[in-house]
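Please examine the sequence and structure shown here before turning to the points below.

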Amino acid sequence: MSSGDDELVGALRTAAQTVRSVTSSVAEELRALSAARDAAEAAMAERLAELEQTQGYVAEDASSVSTWARCELRQDARRTRQLIRAAGTMRELSEVGQAARAGRISIDHVARFSFALAHVDQVEVRRWESHLVTVALLHPPSRVQSLVDRLRAILHAEELDEAWIAGADKAHLTLNALQDGWHVTGFLPIDVGAKLKAVLDAVSVPREAGDRRSASERRIDGLDQLLTRVLAEGLPTDGTVRPQIHVIVDAGTLQQALAPHTESAFEPVEPAVLHGFGHIGPNLLAHLTCGADLIPVLVDHVGPNRTVLDVGRRHRDATAKQRHAVWVQQEGRCDTDHCHHSIDHVHHRQRWSDGGPTDLANLVGLCTACHRHTHRHDTTLARAG
């Protein structure tokens with residue numbers, strides 16, 4: 001019998017004696033059972049590695065050790081490979097192997113040492129083995145992993161910036177409108193993700209001791225409050241159009257949303273449209289219009305209302321209603337051909353300094369880049385469509 005077998009038998013015997021003892025506490029039983037489990041898993045790891053090396057699975061009509069373990073041990077292939085790697089680590093690092101066989105550290109601890117051997121300088125891992133084992137004896141596997149990550153960062157600092165650059169290259173964020181909401185997909189660079197996490201952590205704290213919302217629900221509520229504040233106060237931009245969400249709504253639809261119990265609620269009306277999403281129902285419309293600025297810029301179409309919105313030479317800057325009218329005319333998009341960015345400026349087609357009036361026909365919505373380009377090159381941008 002090998003020393004590993006002796007350690008396994010000792011751990012199992014201790015667990016059995018503890019469980020049978022009438023004086024043992026539940027806590028003592030759990031400690032003994034945990035040690036027995038860890039010792040048994042270490043023994044399984046070494047036996048699986050031996051079965052693979054000797055191809056003993058062939059005698060039982062299995063094509064691989066993973067196939068055999070799946071059929072006989074009801075264990076998936078990923079777990080089998082993890083255990084076999086652990087067996088190799090226990091051979092490479094003697095102190096790790098001794099602690100695992102004795103049931104003093106778990107296979108999940110050993111997996112962190114396996115990661116260290118694969119991703120950190122092996123000489124340094126052996127140098128720090130005793131210290132890491134001491135930590136593993138007292139702390140969960142995550143603590144060992146954090147120390148391994150720190151060691152890796154010290155020894156391979158160049159990989160940190162390489163990872164940051166690689167992450168920046170594949171950064172993307174997509175919002176797709178579905179029937180019941182938005183589907184968010186994306187990948188954030190390290191720095192951007194850290195900023196987002198810091199913000200979400202700050203705005204998603206429980207409101208009170210009895211707050212029963214899940215962490216995910218708190219993040220959504222916090223993000224909603226944050227976006228509402230940004231839209232109310234404006235973004236840090238040099239533009240003249242404050243970013244908003246826009247709902248295009250027929251007057252009858254608005255009346256139904258604000259007073260759903262009136263007789264008009266039973267009359268068919270045109271559904272409201274949330275810009276960038278599509279049609280929305282009356283309850284969501286009522287929610288969005290609660291406390292919102294209701295600006296009746298246009299009742300039907302732009303054309304019949306142009307003269308009402310014109311202010312001539314009385315004002316240099318476009319009025320709030322004019323800016324919203326431009327936004328509705330252009331559906332929130334820059335007027336430059338083939339540009340799909342959001343409107344950030346309301347620009348005079350004929351310059352104010354040249355006598356151009358602040359009338360709707362002389363106003364055009366541009367994004368920041370196109371507005372800057374216009375002033376730099378003093379050109380007249382062709383209207384799309």
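Helix α4 has 16 residues and reaches 23 Å from its first C-alpha to its last, close to the 22 Å expected at 1.5 Å a residue; the expected span is 1.5 Å times one less than the number of residues. Helices (H or I, at least four residues) and strands (E, at least two) are DSSP runs numbered from the N terminus. The model is predicted, with local features needing pLDDT of at least 70 and side-chain atom pairs pLDDT 80 or more, whereas totals for chains, interfaces and linings use all residues. Residues are numbered from 1 along each chain as its sequence is written, and side-chain values use heavy atoms, leaving out hydrogens and water.

- Buried residues (under 20% relative accessible area, 1.4 Å probe, protein chains only) of α4 include Thr-80, Leu-83, Ile-84, Ala-87, Gly-88 and Met-90.
- Their cover includes α2 (26-54), α3 (65-72), α5 (94-101) and α6, where contact means heavy atoms within 4.5 Å.

**Packing on α6**
- Helix α4 (residues 77-92) packs with α6 at an angle of about 70°, their axes being 9 Å apart; axes are lines fitted to C-alpha atoms over the stretch in contact, and angles run from 0 to 180 degrees between N-to-C directions.
- That angle makes α4 roughly perpendicular to α6, a term for 65 to 115 degrees.
- This contact comprises 8 nonpolar, 3 polar and 4 charged residues.
- Helix α6 (residues 107-119) also packs with α9 (residues 141-155), at about 10° and with axes 9 Å apart.
- The two helices α6 and α9 are therefore roughly parallel, a term for angles under 35 degrees.
- The contact of α6 with α9 has 6 nonpolar, 3 polar and 4 charged residues.

**Nonpolar cores**
- A nonpolar core is a set of buried Ala, Val, Leu, Ile, Met, Phe, Trp, Tyr and Cys residues joined through side-chain atoms within 4.5 Å.
- The largest core has 34 residues, of which Leu-48, Trp-68, Val-96, Ile-105, Val-110 and Phe-113 touch the most other members.
- Elements giving two or more residues to this core are α2, α3, α4, α5, α6, α8 (129-138) and α9.
- Beyond four places in sequence, the contacts of Phe-113 include Thr-89, Leu-132 and Val-144.
- A second, separate core of 8 residues includes Ala-318, Trp-327, Ile-343 and Leu-360.

**His-347**
- His-347 lies in strand β6 (residues 345-348) and counts as buried at 10% relative accessibility.
- His-347 and Val-364 are 17 residues apart in sequence and 5.2 Å apart in space, C-alpha to C-alpha.

Definitions and conventions
Angles under 35 degrees count as roughly parallel, over 145 as roughly antiparallel, 65 to 115 as roughly perpendicular and the rest as oblique. Ala, Val, Leu, Ile, Met, Phe, Trp, Tyr, Cys and Pro count as nonpolar, Asp, Glu, Lys and Arg as charged, and the others, Gly among them, as polar. Buried means under 20% relative accessible area, exposed over 50%, partly exposed in between (1.4 Å probe, protein chains only).
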